[in-house]
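Biologist: I've got a structure open and would like to learn how to read a few of its features. Could you walk me through it?

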Amino acid sequence: MASFSHSLTTPPPSLSLHTHNNRLLSATSLIPNLIKPAAFSANLHLSHRRRGFTIKATAAPSVKKPTGDERVQQVHSAEEFDEALKKAKSKLVVVEFAASHSAQSSRMYPFMVTLSKTCNDVEFILVMGDESEQTKELCNREKIEKVPHFSFYKNMEKIHEEEGIGPDQLEGDVLYYGDNHSGVVQLHSREDVEKLIQEHKEDHKLIVLDVGLKHCGPCVKVYPTVIKLSKKMDTAVFARMNGDENESCMQFLKDMDVVEVPTFLFIRDGEIKGRYVGSGKGELIGEILRYQGVRVTY
C-alpha cells in the first residue's frame with residue numbers, strides 16, 4: 001500500500017505512457033495528431049476540385065433541423081462560425097459538418113439534438129457544407145473532406161475531431177471533452193488532488209481518480225460509465241485528471257507511477273489503496289465495490 005505523500009517512489013525520467021491497448025505514447029509527445037482526413041467517399045457527392053468543394057445536385061434526403069430546436073445553432077458563413085466560437089468562450093463547442101445528400105448526416109443529427117438538450121454547458125453548431133459558396137469555403141478552411149464530420153472547440157481552438165462515428169462515440173466524446181455538466185470533479189494539478197483529499201479525510205469516502213490522456217480512445221470509452229457511477233454511488237467521490245493537460249498533471253502521473261491509461265487510483269484517508277488499469281466497465285465497477293468493502297466474486 002503506497003502512501004499518497006512524498007514517500008512514493010518516483011519512476012525514472014524515461015517514463016513512457018501507454019494506452020490500455022498497449023499503444024506507446026512517448027512522455028515527450030503525448031498528444032497524438034488529430035485524425036487525418038479519410039479518403040473522400042464517392043457517395044457523398046462532395047469532392048475537392050482544386051481548392052473548393054464541388055456542389056452537385058442530388059435528390060437524396062436533406063438534413064432537416066427539427067422545428068423549435070434552439071439548442072443547435074446553424075451557421076451560414078465563416079463570420080457567423082467564428083462569432084459563435086468567440087461567444088462560447090471556454091465552453092465546449094461541438095460542430096457537425098454535414099451535407100444535404102448524406103444519409104449518415106441525416107442519421108447523426110437527431111442524436112446531436114438529443115445531446116444538446118441534456119448537456120446545457122455545451123454549444124452545438126450545424127454547418128451544411130453544400131448550402132452555399134460561403135459554407136463551402138468554411139469547410140475548406142476547416143479542412144473538412146468527409147461528412148458527417150464532428151469537430152470540438154474550446155477557446156476558439158480545435159481540440160478534437162472525429163468522422164465516420166456512431167451515436168455512442170459522439171456521446172462519449174461530448175461527455176469526455178465537456179466536463180462541467182457531470183458529477184465528476186475535474187482536477188488540473190497536484191494541488192487540486194491534495195485539496196480533494198483534505199476535503200474527504202473526515203468522511204473517509206473512497207476517492208476514485210480517473211487518470212487519462214486527452215486523446216486516449218479507451219479513456220473516452222469508459223468515461224460515460226464513470227459519470228453514471230458518480231451519480232449513483234454517493235458513498236464514493238469520482239474525479240478525473242488528464243495527464244497531458246499541463247506539466248503539473250504530467251508530474252503527478254510520474255509520481256504515481258502511472259505508465260498506462262486509463263488508470264483508476266483508489267484513495268482513502270490520503271493513501272492509495274489500490275489501482276485498476278483498463279477500460280472494462282464491469283471490472284471497474286467490481287474494483288470500486290471491492291475497495292468500498294463489498295465482497296465481489298468473478
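Modeller: Glycine 243 sits in the loop linking β13 (236-242) and α7 (247-255); helices (H or I, at least four residues) and strands (E, at least two) are DSSP runs numbered from the N terminus. Bear in mind that this is a predicted model, where local features need pLDDT of at least 70, side-chain atom pairs count only at pLDDT 80 or more, and totals for chains, interfaces and linings use all residues. Residues are numbered from 1 along each chain as its sequence is written, and side-chain values use heavy atoms, with hydrogens and water left out.

Biologist: Is glycine 243 buried or exposed?

Modeller: Buried means under 20% relative accessible area, exposed over 50%, partly exposed in between (1.4 Å probe, protein chains only). Glycine 243 has a relative accessible area of 0%, so it's buried.

Biologist: And what does glycine 243 touch?

Modeller: Contact means heavy atoms within 4.5 Å. Setting aside residues up to four places away in sequence, glycine 243 touches Gly212, Leu213, Cys249, Met250 and Leu253. Now look at serine 189: it is 54 residues from glycine 243 in sequence, yet their C-alpha atoms are 9.2 Å apart.

Biologist: Where does serine 189 lie?

Modeller: Serine 189 is in the loop between β11 (185-186) and α5 (190-199). Serine 189 is buried too, at 13% relative accessible area, and beyond residues up to four places away in sequence it touches Met241, Ser248 and Cys249.

Biologist: Which residues touch the most other members in the largest nonpolar core?

Modeller: A nonpolar core is a set of buried Ala, Val, Leu, Ile, Met, Phe, Trp, Tyr and Cys residues joined through side-chain atoms within 4.5 Å. The largest one has 62 residues, and Val94, Leu170, Val174, Leu209, Phe238, Phe266 and Leu284 touch the most other members. Helix α6 (residues 217-232) gives the most to this core, seven residues. Domain 1 (72-178) and domain 2 (184-292), with bounds from an automatic or database domain assignment, both contribute, so the core lies between them.

Biologist: How do I describe a helix pair?

Modeller: Two packed helices are described by the angle between their axes and the distance between the axes. Here the axes of α6 and α8 (residues 281-291) come within 10 Å and cross at roughly 40°; axes are lines fitted to C-alpha atoms, for helices over the stretch in contact, and angles run from 0 to 180 degrees between N-to-C directions. Angles under 35 degrees count as roughly parallel, over 145 as roughly antiparallel, 65 to 115 as roughly perpendicular and the rest as oblique, so α6 and α8 are oblique to each other.
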